[in-house]
Amino acid sequence: IFLLPLQTVWIARELFVHGQKLQYGTLFFPLIELFVLLVVFISFKWNNIKNWKYYWPIYLFFLYGLIRSAFALEPLVALQQLRFLLFPFVLFFFFKKAREYVSVQKILAALISSSVLISVFAIGQFFLQTSFSSSFLGITEHAPALAGSSVVVSTGERWLRSYGVFSHPNMFGGYLLVTLGISLLWFFIYKTRTKQFRVFLNAAIYIQFFALLTTFSRSAWIGLVVVVGIFLWMFQKNYFPYLRQIGTVILNMLLIAILFTSFFPNAVGVRLFGGSQNEVASTSERLDGYSQAFEVLQAYPLFGTGAGNYTFALANLFPNYPVWAYQPVHNTDLLFFAEWGIIGGILFLFLLLHYRKPIFGQNDRVIVLGLAIFLIPGLVDHYLLSSYPGLLFIGLFIAIFPSFLRENEVSTELSTKA
């Protein structure tokens, strides 16, 4: 659990077009994924697989994906994406098995400790303005002057955004949005609090929040504001007696944000309000991407391009574009329908409705919280669907939030202890 965020992978194949690497054509196997799959494979009760009444939506959805993969432009990439899409379900069973041996609180402690360690590493990246390369950790070298590094440009300055152990700062921001959401929820509702617990969780919240600021991920920033608002709504009938407890955390986070802005006013201003040439170019590329997505949707309306094959469909429709222009559209919903089509969308809807109660129970607030965490990144980015880490984030949420809330019985109330 502590090692889940690591991006160490075994690369099986790299695809080159016109002498340049096409990132979304790479075939790889994350080592953590292989470990989780092995644990689930060994511990899973395979006689349950015959329970068609429970598993039929999963079977039908992935059977459709397998059939569509056979006719995709890149069948091997489609099969890889299907494997990644299966991972949130596998992770759910993994955590379910882990809870037989350790408590949810210990699982969360390991997960948050890992996030804090990565956050400290990311803060160091930001202040040193460099990131070393490590194949063991799955980290690529980044620096403000290196081509391809994600930077904030303002008034002649170039600031490297923190990556953590991920391939892009937005992805790291999405990870912190999930783990910071878990940390805040745990702080607000956990019933047995010791002094050591309060110190650990306070430190974890502020370290993760500061790391989130250094990602300069607007979607993660806005997402956190929405998540905090949802928390207050969840506890609207009960949070007034604990206003000092909640208010202290929120005010301290606001103070950290103000101090960060005062030290880096130009960089924060550019990310919030735009204006630089880089920001204008980025916005223009995203708008072009939306236009291209609708053309892909028109070309593959019913069955889609096949899982993970969106960029290959782009190359097929726009053969004269440079290789770097073949990227997924920055909208998860558009990307899903472009790759899965109307048929895939209907099957996925059946899957969601079928597993709503088994996973989330009667607690609709968990669903609202999930929408709060993933809505903003999903509207303006694609990594939740196009990448293994994005699907890992979704798996973490599905595996942890519902069981944690049920165990603490806090769907509508706070802890009675400060």
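Which residues does Leu 334 touch, not counting residues up to four places away in sequence? In this predicted model, local features need pLDDT of at least 70 and side-chain atom pairs count only at pLDDT 80 or more, while totals for chains, interfaces and linings use all residues. Residues are numbered from 1 along each chain as its sequence is written, and side-chain values use heavy atoms, with hydrogens and water left out.

Leu 334 touches Tyr 290, Ala 293, Phe 294, Leu 297 and Val 329, contact meaning heavy atoms within 4.5 Å. Leu 334 is placed in helix 12 (residues 332-360); helices are DSSP runs of H or I with at least four residues, numbered from the N terminus. With a relative accessible area of 18%, Leu 334 is buried (under 20%; exposed is over 50% and partly exposed in between, with a 1.4 Å probe and protein chains only). Its C-alpha atom is separated by 9.7 Å from that of Gly 378, 44 residues apart along the chain.

Helix 12 also holds Ile 343, which is partly exposed at a relative accessible area of 31%. Ile 343 belongs to a nonpolar surface patch of about 1,000 Å², whose members include Trp 56, Leu 60, Phe 303 and Phe 350. Helix 2 (52-70) and helix 12 are the elements that give two or more residues to this patch. Accessible areas come from the Shrake-Rupley method with a 1.4 Å probe.

Key
Patch = residues over 30% accessible without salt bridge, like charges linked within 9 Å, V, L, I, M, F, W, Y side chains within 5 Å. Salt bridge = Lys/Arg side-chain N within 4 Å of Asp/Glu carboxyl O.
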